[in-house]
Amino acid sequence: MVQGDLRVPAAWAPSLGGVDAVVHLESPAAAEDGREEWVDVPREGWRLRPSGQNDVFPLIRLDAQARGMPREALITELLAASDTVVLDHDGQACGFAMMRRFGRGLIIGPVVAPDAEGAKALIAHLVGLNAGKFVRIDIDFAAHFVGGF
């Protein structure tokens, strides 16, 4: 689990746009033994964490903000069936992404984030946990980001 700075696979670094990134190897031998290199994305006060029982209503609120309509029953059901990662800023949920089994692999969605970098970090984290597996990403390109941060 990611604590402190956001971390995404090094392969995603070019897609992070103007974010200054520093390659961080977990040990001097990390690159030699085949483990993935990770990139620290410094954003003070932000972290990725697993969802908990206290996140149900904040995530329902974030989803309603992003979609423009309440989907309480859907989000509650998806939370029960999904691995959910939360984008947290100073202890407050600001975004989330869900991943669950679907068809012949996995599906990521919905994804709700305050900005593109947050969405990329959420997606990269879930994809990184499932390297080599079939993963479909279900996002709404017409959706607006939850702003204000």
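**Exercise 1. Is Gly105 buried or exposed, and at what relative accessibility?**

Residues are numbered from 1 along each chain as its sequence is written, and side-chain values use heavy atoms, with hydrogens and water left out.

Step 1. Take the cut-offs: buried means under 20% relative accessible area, exposed means over 50%, and partly exposed lies in between (1.4 Å probe, protein chains only).

Step 2. Gly105 has 5% relative accessibility and therefore counts as buried.

Step 3. List its contacts, a contact being heavy atoms within 4.5 Å: not counting residues up to four places away in sequence, Gly105 touches Arg100 and Phe134. The C-alpha atoms of Gly105 and Arg136 are separated by 7.7 Å, although the two residues are 31 apart along the chain.

**Exercise 2. Determine where confidence in the chain is lowest and where it is highest.**

Step 1. Begin with the whole chain, using pLDDT, the predictor's confidence in each residue from 0 to 100: the mean is 75, and 65% of the residues reach 70 or more.

Step 2. Turn to the elements: strand S2 (residues 22-24) has the lowest confidence, with a mean of 29, whereas helix H2 (residues 72-81) has the highest, at 96.

Step 3. Where pLDDT is low, the predicted coordinates should not be read in detail.

**Exercise 3. Work out the order of the strands in the open sheet of five, and say which strands stand at the edges.**

Step 1. The order is S4-S5-S6-S7-S8, and the pairing is mixed; two strands pair if DSSP finds at least two bridges between them.

Step 2. Strand S4 (46-50) and strand S8 (135-137) each have a single partner strand, so one side of each is left without a neighbour in the sheet, and these are the edges. From one strand to the next, the twist averages 20°.

Step 3. Follow S5 to its partners. Strand S5 (residues 83-89) pairs with S4 in the antiparallel sense over five bridges, and Leu48 has Leu87 in S5 as its bridge partner. S5 and S6 also run antiparallel, joined by seven bridges, and in the hairpin of these strands, which has two residues between them, Asp90 takes a positive phi near 50°.

Step 4. Examine burial in S5, where five of the seven residues are buried. Thr84 stands opposite Met98 in S6, and its contacts outside four places in sequence include Arg49, Leu59, Leu79 and Phe96.

**Exercise 4. Check the length of helix H1, then find which of its residues are buried and what they pack against.**

Step 1. The expected span is 1.5 Å times one less than the number of residues; for the 12 residues of H1 (residues 56-67) this should be 16 Å, which agrees with end C-alpha atoms 16 Å apart.

Step 2. The buried residues of H1 are Leu59, Ile60, Leu62, Asp63 and Ala66. They cover an arc of only 165° around the axis, which puts them on the same side of H1; the arc is that of the directions from the helix axis to the C-beta atoms.

Step 3. These buried residues pack against H2, S5, S6 and S7. After H1 comes Gly68, with a positive phi near 80°.

Step 4. Consider Glu72, which lies in helix H2 and counts as partly exposed at 45% relative accessibility. Beyond its neighbours within four places in sequence, Glu72 is in contact with Phe57 and Ile60.

Notes: Helices (H or I, at least four residues) and strands (E, at least two) are DSSP runs, numbered from the N terminus. Axes are lines fitted to C-alpha atoms, for helices over the stretch in contact, and angles run from 0 to 180 degrees between N-to-C directions.
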